[in-house]
Amino acid sequence: MDIIALNKYPHRRRNLLTGEWILVSPQRNERPWQGQEEDQPVKNIPAHDINCYLCPGNERAKGIKNPDYQDTFVFDNDFAALLSDIPSGVLADGGVLVAKAEKGICRVVCFSPRHDLTIAEMDERDITKVIEEWTKQYRELMARPEINAVIVFENRGRAMGCSNPHPHGQIWATESLPRGMEQEVESFGRYRQEKKCCLLCDYLEVELQKGERLVAQNERFVSLVPFWACWPYETLIIPRRHVSDLTELTEEERVALAAIIKLNTVKYDNLFKMSFPYSMGFHQLGVGLSAQDGGPLHLHLHYYPPLLRSATIRKFMVGFELLGEAQRDITPEQAAEVLRGLPVEHYKS
Ligand code: H2U
Ligand code: ZN
């Protein structure tokens with residue numbers, strides 16, 4: 001089967017990172033839509049909102065006051081999903097009811113004191129400061145004895161369940177490797193054992209040769225729609241150099257990462273001329289855990305945006321996708337071609 005056939009007929013593609021399969025149905029692209037449409041994003045957001053729990057100087061839900069911060073600001077989530085000070089314990093009721101206490105830490109990271117900006121609208125210098133903060137947090141959290149995995153992420157926009165337009169992300173640090181990371185660690189480990197090299201280093205080389213799924217690139221990073229993408233405009237940002245986590249990046253690479261993050265999100269906003277919703281986050285794991293778990297990862301940044309055809313029509317992961325496997329209509333190659341062709345300047349500027 002060649003790529004022309006792949007762009008014409010239903011087929012399955014294997015996700016190299018997770019081992020999962022995804023169904024691609026290019027012939028289904030034009031189906032009519034009479035289902036739910038998303039709300040249009042709110043316009044005219046103020047630079048400072050007295051009702052925002054993330055703006056400088058404001059009080060949060062439990063009465064703590066935010067400092068008058070200038071760049072980034074990090075605090076322990078007041079409604080954390082994980083707690084660090086809990087007893088250990090396991091329930092293994094004859095192997096049928098299995099549970100385990102899970103220690104962890106959840107933090108909120110404000111990207112900017114400005115309530116009305118998004119990453120796509122921030123300047124690269126300020127995005128670099130966010131990357132420095134993510135790096136510092138990753139280093140600090142991974143140094144704690146009870147922490148074995150740290151996921152740095154951002155939910156952007158109401159369509160992704162984000163409760164507040166103030167530019168912010170979260171960090172969840174856990175004792176266990178969560179499923180999404182465990183799958184990747186296994187895949188990297190197996191690949192390294194079989195081929196004696198890094199899975200993402202090899203994958204990136206193939207994508208750079210083929211070119212058909214590339215979205216944007218600079219000297220240090222490449223953004224592409226992965227071959228196995230299941231969200232319509234999903235992208236993956238990969239450093240050209242093999243680094244396992246954010247702490248291994250040089251200053252120059254942090255600046256280049258800020259540039260590609262900005263470019264990727266500007267292209268997203270330009271797609272439907274709106275502040276584009278997404279969930280994004282890093283997968284990273286340093287050398288510390290390599291021996292027992294199959295090897296360090298190659299740092300990468302996933303973007304999972306839900307929108308499909310317009311600012312108001314989203315993809316739902318339901319039915320066959322919940323019971324069987326993920327499915328997409330527009331092919332990764334078509335999505336990459338659209339994103340690649342979009343202007344590099346934000347439509348508002
Ligand atoms: P969202 O990105 O999902 O909107 O998350 C914002 C987080 O901020 C959410 O996890 C936390 C919520 O628990 N939060 C606080 O820690 N303090 C508050 O005063 C309100 C919200
Ligand atoms: Zn705010």
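User: Where is S187 placed, and why is S187 called buried?

Analyst: The model is predicted, and in it S187 sits in helix α3. Its relative accessibility is 6%, and buried means under 20%, so S187 counts as buried.

User: What is the C-alpha distance between S187 and G19, and how far apart are they in sequence?

Analyst: The two C-alpha atoms are 6.9 Å apart in space, while 168 residues separate S187 and G19 in sequence.

User: Which residues of α3 are called buried?

Analyst: They are M181, Q183, E184, V185, S187, F188, G189 and Y191. As a general point, an α-helix has 3.6 residues a turn, so residues three or four places apart point the same way.

User: How do you know that the span of α3 is close to what is expected?

Analyst: Helix α3 covers residues 179-195, which is 17 residues. The expected span is 1.5 Å times one less than the number of residues, and for α3 that gives 24 Å. The reach from the first C-alpha to the last is also 24 Å, so the span is close to the expected one. Just after α3, K196 has a positive phi of about 65 degrees.

User: What makes E207 and R213 a salt bridge?

Analyst: The closest N and O atoms of E207 and R213 are 2.8 Å apart. The rule asks for a side-chain nitrogen of Lys or Arg within 4 Å of a carboxyl oxygen of Asp or Glu, so the pair is a salt bridge. In general, side chains of opposite charge can pair when their charged atoms come close.

User: Are E207 and R213 buried or exposed?

Analyst: E207 has a relative accessibility of 0% and R213 one of 3%. The cut-off for buried is under 20%, so E207 is buried, and R213 is buried as well.

User: What makes E212 and R213 a salt bridge, and why is E212 called partly exposed?

Analyst: For E212 and R213 the closest N and O atoms are 3.1 Å apart, and the limit is within 4 Å, so this pair is a salt bridge too. The relative accessible area of E212 is 23%; buried is under 20% and exposed over 50%, so E212 is partly exposed. Salt bridges that share partners join R13, E207, E212, R213 and E333 into one network.

User: How many salt bridges does the rule give, and how do you know that D71 and K129 form one of them?

Analyst: The count comes to 20 salt bridges. In the pair of D71 and K129, the closest N and O atoms are 3.2 Å apart, and the limit is within 4 Å, so the pair qualifies as a salt bridge. It links distant parts of the chain: D71 is in the loop between β2 (21-24) and β3 (73-76), and K129 is in helix α2 (residues 124-142), 58 residues apart.

User: Why are D71 and K129 called partly exposed?

Analyst: The relative accessible area is 34% for D71 and 27% for K129.

User: What makes β1 and β16 edge strands?

Analyst: Three strands form an open sheet in the order β1-β2-β16, with mixed pairing. β1 (11-14) and β16 (327-328) each pair on one side only, and they are the edge strands.

User: How do you know that β1 and β2 pair?

Analyst: Two strands pair if there are at least two bridges between them. β1 and β2 have four bridges, in the antiparallel sense, so they pair. H11 stands opposite V24 in β2.

User: How many bridges join β9 to β10, and how many residues lie between them?

Analyst: Strand β9 (residues 214-217) and strand β10 (residues 221-224) pair over three bridges, antiparallel. They form a hairpin with three residues between them. Q217 has V222 in β10 as its bridge partner.

Key. Residues are numbered from 1 along each chain as its sequence is written. Chains are lettered from A and ligands numbered from 1 in the order in which they are written. This is a predicted model: local features need pLDDT of at least 70, side-chain atom pairs count only at pLDDT 80 or more; totals for chains, interfaces and linings use all residues. Side-chain values use heavy atoms; hydrogens and water are left out. Helices (H or I, at least four residues) and strands (E, at least two) are DSSP runs, numbered from the N terminus. Buried means under 20% relative accessible area, exposed over 50%, partly exposed in between (1.4 Å probe, protein chains only).
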